[in-house]
Amino acid sequence: MIKKIPRSFYERDDVVSISKELVGKVLCTNVDGVSTSAMIVETEAYNGRTDRACHAYPDVRTKRTETLYLKPGIAYVYLCYGIHHLFNIVTNKEGLADAVLIRAVKPLEGESYMAERRGQEQIKPSISNGPGKLAQALGITTSYDKTDLLGETIWVEDRGIKVPLDAIKAGKRIGVEYAGKDADLPWRFTLKNSEWVSR
DNA sequence: CCTACGATCTGCT
DNA sequence: GCAGATCGTAGGG
């Protein structure tokens with residue numbers, strides 16, 4: 001029986017807690033007739049109002065960031081470095097622009113499809129141990145920007161996987177040195193001792 | 001219109 | 001550890 005995470009989970013006002021709680025949840029996609037799923041093992045939190053590392057900070061509404069201002073539980077997918085599609089989940093009340101970046105996952109179902117999309121023969125961490133890699137493995141591209149995660153294309157399930165708080169490590173976020181003191185915020189969460197987290 | 005650059009990844013040293 | 005790939009977005013003229 002499927003337990004899709006409800007909008008009320010995403011709608012809460014603490015993006016850091018949401019980010020932490022998403023570790024151990026299962027990200028599922030059904031695109032191009034292929035179903036895949038993977039456990040989230042690494043996330044990062046971005047706060048739209050206080051966080052210089054967030055695309056929407058301080059209140060930048062543009063064609064790219066307008067997605068961040070939509071309702072919670074919507075996918076924010078954007079292109080980075082011209083090559084990589086990065087998958088985020090919009091959280092908090094509509095119009096506040098908080099988001100969680102999914103940085104790494106452990107494949108569960110449809111592993112062979114994920115390997116094929118990544119052009120790899122074997123199932124190994126390099127299939128999905130980075131934000132650009134997992135998006136490619138799960139078939140997520142910018143064409144899925146604004147997708148509602150309560151629909152049938154991309155969603156997150158709670159499969160009852162227990163992740164105790166002391167099994168999650170908090171650290172600095174990756175690649176946000178430009179954000180000044182906000183670059184030091186411990187808003188990156190990884191599953192300890194998992195070989196599936198990014199480098 | 002034009003330019004600079006990025007929430008990354010890969011391959012080479 | 002570091003440079004290059006590659007293109008949409010944002011900001012300036």
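**Figure 1. Salt bridges in the predicted model.** In one of them, the side chains of Arg7 and Asp148 meet at 3.0 Å, N to O. Arg7 belongs to helix 1 (residues 7-11) and Asp148 to the loop between helix 4 and strand 6 (154-157), so the pair ties together parts that are 141 residues apart in sequence. Helices (H or I, at least four residues) and strands (E, at least two) are DSSP runs, numbered from the N terminus.

**Figure 2. Packing of helix 3 against helix 4.** Helix 3 (residues 111-118) and helix 4 (residues 131-138) pack at an angle of about 120°, and their axes are 7 Å apart. Axes are lines fitted to C-alpha atoms over the stretch in contact, and angles run from 0 to 180 degrees between N-to-C directions. Met114, Arg117 and Arg118 of helix 3 form the contact with Lys133, Gln136, Ala137 and Leu138 of helix 4, where contact means heavy atoms within 4.5 Å. By class, these residues are 3 nonpolar, 1 polar and 3 charged; Ala, Val, Leu, Ile, Met, Phe, Trp, Tyr, Cys and Pro count as nonpolar, Asp, Glu, Lys and Arg as charged, and the others, Gly among them, as polar.

**Figure 3. Surroundings of DNA strand B.** DNA strand B is surrounded by 21 residues, of which the closest are Tyr81, His84, Asn88, Arg118 and Tyr178; a residue is near a strand if one of its heavy atoms lies within 4 Å of it. Strand 4 (84-91), strand 5 (98-109) and helix 4 each contribute at least two residues to this surface. A polar side-chain atom of His84 is 2.6 Å from a base oxygen of DNA strand B. Phosphate oxygens of DNA strand B lie 2.8 Å from a polar side-chain atom of Arg118 and 3.3 Å from one of Lys133.

**Figure 4. Surroundings of DNA strand C.** Thr62, Arg64, Leu79, Tyr81, Gly82 and Ile83 surround DNA strand C. Of the atoms of DNA strand C that come within 4 Å of the protein, 71% are accounted for by sugar and phosphate. A backbone N or O atom of Tyr81 is 2.5 Å from a base oxygen of DNA strand C.

**Conventions.** Residues are numbered from 1 along each chain as its sequence is written, while chains are lettered from A and ligands numbered from 1 in the order in which they are written. Local features need pLDDT of at least 70, side-chain atom pairs count only at pLDDT 80 or more, and totals for chains, interfaces and linings use all residues, whereas side-chain values use heavy atoms, with hydrogens and water left out.

Key
A polar contact is a pair of N or O atoms within 3.5 Å; within protein, one must be able to donate a hydrogen and the other to accept it, and residues adjacent in sequence count only if both atoms are side-chain atoms. A salt bridge is a side-chain nitrogen of Lys or Arg within 4 Å of a carboxyl oxygen of Asp or Glu.
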